[in-house]
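Trainee: Can we go through this one together? I would like to ask things as they come up.

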Amino acid sequence: MRILLTGGAGFIGSHLADHYVAKGDQVTILDNFSTGSQENIAHLAGKVTTVDGDIRNVDVVEKLTKDADLVLHMAAALGVNTILESPLESMSTNITGSEVVLNAAAKFNKRIIIASTSEIYGKNPKQPLNEADDRVVGVPQKIRWTYSDAKAIEEAMAFALYQEKKLPVTTVRLFNTVGPRQSGRYGMVVPRFVQAALKNEALTIYGDGTQSRVFCHIDDAVAAIATIAATNATIGEVFNVGGSGEVSIKQLAEKVI
């Protein structure tokens, strides 16, 4: 099978590349290396085709999509730090880029999985959350919520294309995925804590540390995505992909130390 993997040099994308290469599939990675890195896919040299390009480039995306059997759209400007530092570029990547990829998949009627996020739910206090729960986000002037808004628009575009053009699309909302190759550069808490601890530095906790999270290992996330992609019954649906067992940020810091 021929796989087009946008954002394939990123944390989650590179592990998906590992999975499909191990299966013997032909993998093409499209990445502009703004958040991904060559180091994440160095071990795949000679085993994958890598295209250094932008998902907003219609010609490149359409050419690669036309030759694929499955599109895994993992590319995004992500992380609160990235969103706050480059809000316009981030919004353009997450909205325009996703529109280009989705339209290309619709044009050539390709099976596609899009990666969304738990950020969709914003500040909704309901627990546990399910796929149909309401979004509760801050005002538009709170720039940090633009990632949630952009991903909501991406999901809406995907669903509209499914309804109007029968695009075989499935949305996966990823919750706090962690594991090897994850960078703390974009505000992700586990690698930040680990890096600080290894340097014998203080671990920074915001607030009183009682806020809790549930983390999902990358191997479990990849298994879920691959299973969803291989099952036609998931077309047109949305799936939350996460772990089990809450931990407070203070408990997490103590565990890391």
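**Notes on a predicted model**

Mentor: Asn109 lies in the loop between H5 and S5. Helices (H or I, at least four residues) and strands (E, at least two) are DSSP runs, numbered from the N terminus. This is a predicted model, in which local features need pLDDT of at least 70, side-chain atom pairs count only at pLDDT 80 or more, and totals for chains, interfaces and linings use all residues. Residues are numbered from 1 along each chain as its sequence is written, and side-chain values use heavy atoms, with hydrogens and water left out.

Trainee: What is the phi of Asn109?

Mentor: Asn109 has a positive phi of about 50°, although it is not a glycine.

Trainee: Is Asn109 buried or exposed?

Mentor: Asn109 is exposed, because its relative accessible area is 52%. Buried means under 20% relative accessible area, exposed means over 50%, and partly exposed is in between (1.4 Å probe, protein chains only).

Trainee: Which helix does Asn109 follow?

Mentor: Asn109 follows H5.

Trainee: How far apart are the end C-alpha atoms of helix H5?

Mentor: They are 29 Å apart, which agrees with the 30 Å that the 21 residues of helix H5 (residues 87-107) should span at 1.5 Å a residue. The expected span is 1.5 Å times one less than the number of residues.

Trainee: And which residues of H5 are buried?

Mentor: Among them are Ser90, Thr93, Asn94, Gly97 and Val100. The buried residues of H5 also include Leu102 and Ala106.

Trainee: Why is Lys107 called exposed, but Glu62 partly exposed?

Mentor: Lys107 is exposed because its relative accessible area is 53%. Glu62 has a relative accessible area of 22%, so Glu62 is partly exposed.

Trainee: How many salt bridges are there in the whole structure?

Mentor: A search finds 12 salt bridges. One of the pairs is Arg2 with Asp69, whose closest N and O atoms are 3.0 Å apart. Arg2 lies in strand S1 (residues 2-6) and Asp69 in the loop between helix H3 (58-66) and strand S4 (70-73), so the pair ties together parts that are 67 residues apart in sequence.

Trainee: What does Arg181 pair with?

Mentor: The side chains of Arg181 and Asp18 meet in a salt bridge, at 2.7 Å from N to O. Asp18 lies in helix H1 (residues 11-22) and Arg181 in the loop between S7 and helix H7 (189-198), so the pair ties together parts that are 163 residues apart in sequence. Arg181 also has a positive phi of about 80°, although it is not a glycine.

Trainee: Which residues are linked in a network of salt bridges?

Mentor: Asp54, Arg56 and Glu89.

Trainee: New topic. How many aromatic pairs are there?

Mentor: The count comes to 2 aromatic pairs. Rings of Phe, Tyr and Trp (its six-membered ring) pair if their centres lie within 6.5 Å; planes under 30 degrees apart count as stacked, over 60 as edge-to-face and the rest as tilted. The rings of Tyr121 and Phe175 have centres 6.2 Å apart and planes at 40°, so that pair is tilted. Tyr121 is in the loop between strand S5 (111-117) and helix H6 (146-165), while Phe175 is in the loop between strand S6 (169-174) and strand S7 (177-178), 54 residues apart.

Trainee: Are those two buried or exposed?

Mentor: Tyr121 counts as buried at 1% relative accessibility, and Phe175 is buried at 18%.

Trainee: And the rings of Phe159 and Tyr162, how far apart are their centres?

Mentor: The centres of Phe159 and Tyr162 are 6.0 Å apart and the planes are at 35°, so the pair is tilted. Phe159 and Tyr162 are 3 residues apart in helix H6, which means they are separated by about one helical turn.

Trainee: Last one. Where is the cis peptide bond?

Mentor: A cis peptide bond joins Gln127 and Pro128, with omega about -10°. Pro128 lies in the loop between S5 and H6.

Notes: Salt bridge = Lys/Arg side-chain N within 4 Å of Asp/Glu carboxyl O.
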